[in-house]
Amino acid sequence: LYGTLEGLFVFSPAGRSRAEAAELLEKKLDEPGVSFRERQDARRALATAAPETMQAFLAPPGLKLDGDLSEWSATEPLHLADKRHYVPLTQHAEWGGEKDLAAQVYACWDRDGLVVAVDVKDDKFEPPGPGFELSSGDSVTVAVNAFSNPGTPIDPRESAVCSMALVQGRTVVNEDLSHDADDAARPDARVVRAPDGHGARYELVLPWPMLRANPQFRPGDRM
């Protein structure tokens, strides 16, 4: 079950195991000439049947939001560099390989909160313009469901959805869910251009009060 702007959709494996369903969806994505809508639906269904996973470890000492990802060198990132990871948002969008669009995702935590970094490689960096939605240009949205059960819907009181982008050389971060936490429990972010100019680096800190209202349940164990 997954939601889109058009409504709710249900993917059923028709008696197959989750692994078998995922294999069929991967084959579907590998087929030539898959339509825009079919690729969208298959990719979203695959994200449910076989979600990409990673583990967040204790943050390296001295971690800073400065665009320097060398601090993450001892951690294992999640690699997103395959057409199966690509969901087209427009009718004629096509993935042109790793040089066209790819990303590495890092995650760690400390006593203050959860830290996420995304190193995006993009041959054409097109940030959103001032006054426009961040999704109108190159940006990253991070959604964290603080509950352990994958089937649990996102609860604004216990989860976070934040978008970040570089707008006219300045980092802009938006909270897509409202929280009752105080001003001290606000997300902090930094976005910089990639050193080679192809893409950008995104770093985000989500304080624990944003993710778990009850201090007894911090930190969370699922992204």
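Ala, Val, Leu, Ile, Met, Phe, Trp, Tyr, Cys and Pro count here as nonpolar, Asp, Glu, Lys and Arg as charged, and the others, Gly among them, as polar. With this grouping, the lining of the second largest pocket divides into 7 nonpolar, no polar and 5 charged residues. A pocket is an open set of points on a 1 Å grid over the protein atoms alone, with protein on both sides within 12 Å along at least five of seven lines, and its lining residues have an atom within 4 Å of a point. The residues lining this one are Ala59, Pro60, Leu63, Lys64, Leu65, Asp110, Asp112, Val115, Arg186, Asp188, Val205 and Pro207. The second largest pocket holds about 190 Å³ of space, a volume being the space filled by probe spheres set on the grid points, which are joined across faces, edges and corners.

The model is predicted: local features need pLDDT of at least 70, side-chain atom pairs count only at pLDDT 80 or more, and totals for chains, interfaces and linings use all residues. Residues are numbered from 1 along each chain as its sequence is written, and side-chain values use heavy atoms, with hydrogens and water left out. The predictor's confidence in each residue, pLDDT, runs from 0 to 100; its mean over the chain is 82, and 83% of the residues reach 70 or more. Strands (E, at least two residues) are DSSP runs, numbered from the N terminus.

The whole structure contains 1 aromatic pair. The ring centres of tryptophan 72 and tyrosine 106 lie 5.5 Å apart with planes at 45 degrees, so the pair is tilted. Rings of Phe, Tyr and Trp (its six-membered ring) pair if their centres lie within 6.5 Å; planes under 30 degrees apart count as stacked, over 60 as edge-to-face and the rest as tilted.

Relative accessible area (1.4 Å probe, protein chains only) makes a residue buried under 20%, exposed over 50% and partly exposed in between. Tryptophan 72 is buried at 1%, and tyrosine 106 is buried at 10%. Cysteine 108 is also buried, at 1%, as is cysteine 162, at 1%. Glutamine 168, in contrast, is exposed at 69%. This glutamine 168 sits in the loop between β8 (159-167) and β9 (170-175), and has a positive phi of about 50 degrees although it is not a glycine.

How values were computed: Helices (H or I, at least four residues) and strands (E, at least two) are DSSP runs, numbered from the N terminus. On a 1 Å grid over the protein atoms alone, a cavity is a set of points where a 1.4 Å probe fits but cannot get out, and a pocket is an open set with protein on both sides within 12 Å along at least five of seven lines; lining residues have an atom within 4 Å of a point.
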